[in-house]
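Please open the model in your viewer and keep the selection panel at hand. The tour below moves from one selection to the next and says what is found at each stop.

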Amino acid sequence: MDYKKAGVDIEAGYKSVELMKEHIKKTMRPEVLTNIGGFSGAFSMSAFKNMEKPTLVSGTDGVGTKLKLAFILDKHDTVGIDCVAMCVNDIACAGGEPLFFLDYIACGKNVPEKIATIVSGVANGCEQSNAALIGGETAEMPGFYPEDEYDLAGFAVGVVDEKNLITGKELKAGDVLIGIASSGVHSNGFSLVRKVFKMEKDVLETYHEELGKTLGEALLAPTKIYVKALRNVKEAGVTIKGCSHITGGGFYENVPRMLPDGVRAVIKKDSYDVPAIFKMLAREGQIEEEMMYNTYNMGLGMIVAVDPADAEAVVKAIEASGESAYVVGQIEAGEKGVTLC
């Protein structure tokens, strides 16, 4: 008996690391001090040296049951983007600049080419957010996961000067809310998605005119990364007063998280076009509108609050980053919460 006969192939692990290297090296930043394959990742603090009060911000998350669609369609090159996005968007939401990322892949069987494809997506997400992929772990766990399945999670660290933290404390009545478009469902609410649509290959590969693509393509569209868009706003000289990453819990849970007591967010549902995938999901699943807004991003992956005098400049800065932005509402005096009208 040996480890390979027990289900763990050490040689496959070595091959996975070699195949990953070409993707990982694209994400390197000057501050990275260690080579790929070491026991830990080292990152120079020189990135902080010009800040008055450098403050670390962090985020950790996974892809969730969206992975089930990747298994069915045997498409593994985008879920890594999702994993990075869910972490770095939270950092950007606090005003931070992502510095580095680490991933964790747990699988039933280490197929080096598949693992490398997953990591290629992670590296893509890191490139989009200018974060270095400085480490990770691939754990082969036979008997715990089916051979053709895996889980994917990650952890990111960023930095912000304390004076630039986005806290929401300065929000007041009259401030304007600007939404940044999502790419679709992103990485939340897939347990409900999987109840609405049959999780079968032929169903997911069916083309739908209203979507302009197959159902699987619409659902697997990777989560938008908003680091560049929010950086553009900052570089335009605008102060973001509040910021909400619209993830699990939709509008009703996430928007109030950026609000201080005494103010309320009022969002106009007709201020932008809700993407077709959400309309199809609500129709096919007979899901009430309130539940849709309480579960999904409904087409807005990030919402920022700014002074009304800055609204036009913010929209232009976001659009210059390649994203779409809409003035979707305002802040009003009242009980802390959100009103959708």
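This is a predicted model: local features need pLDDT of at least 70, side-chain atom pairs count only at pLDDT 80 or more; totals for chains, interfaces and linings use all residues.

**First stop: the second largest pocket**

Begin by selecting G95, V160, N164, I166 and K234, which are the closest to the centre of the second largest pocket among the 25 residues that line it. The space in this pocket comes to about 510 Å³.

Next, colour β4 (150–161) and α8 (227–235), the elements that give two or more residues to the lining; of these, α8 supplies the largest share, with 5 residues. If you then colour by domain, you will find that domain 1 (1–162) and domain 2 (173–338) each contribute at least three residues to the lining of this pocket.

**Second stop: Y207**

Now move to Y207, which lies in strand β6, a run covering residues 207–208. Is this residue buried, partly exposed or exposed? Y207 counts as partly exposed because its relative accessibility is 48%, a value that falls between the 20% limit for buried and the 50% limit for exposed.

With Y207 still selected, show G212, K213 and T214, with which Y207 is in contact once its neighbours within four places in sequence are left aside. Finally, draw a distance from the C-alpha atom of Y207 to that of I105, a residue 102 places away along the chain, and the separation is 31 Å.

Definitions and conventions: Residues are numbered from 1 along each chain as its sequence is written. Side-chain values use heavy atoms; hydrogens and water are left out. On a 1 Å grid over the protein atoms alone, a cavity is a set of points where a 1.4 Å probe fits but cannot get out, and a pocket is an open set with protein on both sides within 12 Å along at least five of seven lines; lining residues have an atom within 4 Å of a point. Grid points are joined across faces, edges and corners, and a volume is the space filled by probe spheres set on the points. Helices (H or I, at least four residues) and strands (E, at least two) are DSSP runs, numbered from the N terminus. Domain bounds come from an automatic or database domain assignment. Buried means under 20% relative accessible area, exposed over 50%, partly exposed in between (1.4 Å probe, protein chains only). Contact means heavy atoms within 4.5 Å.
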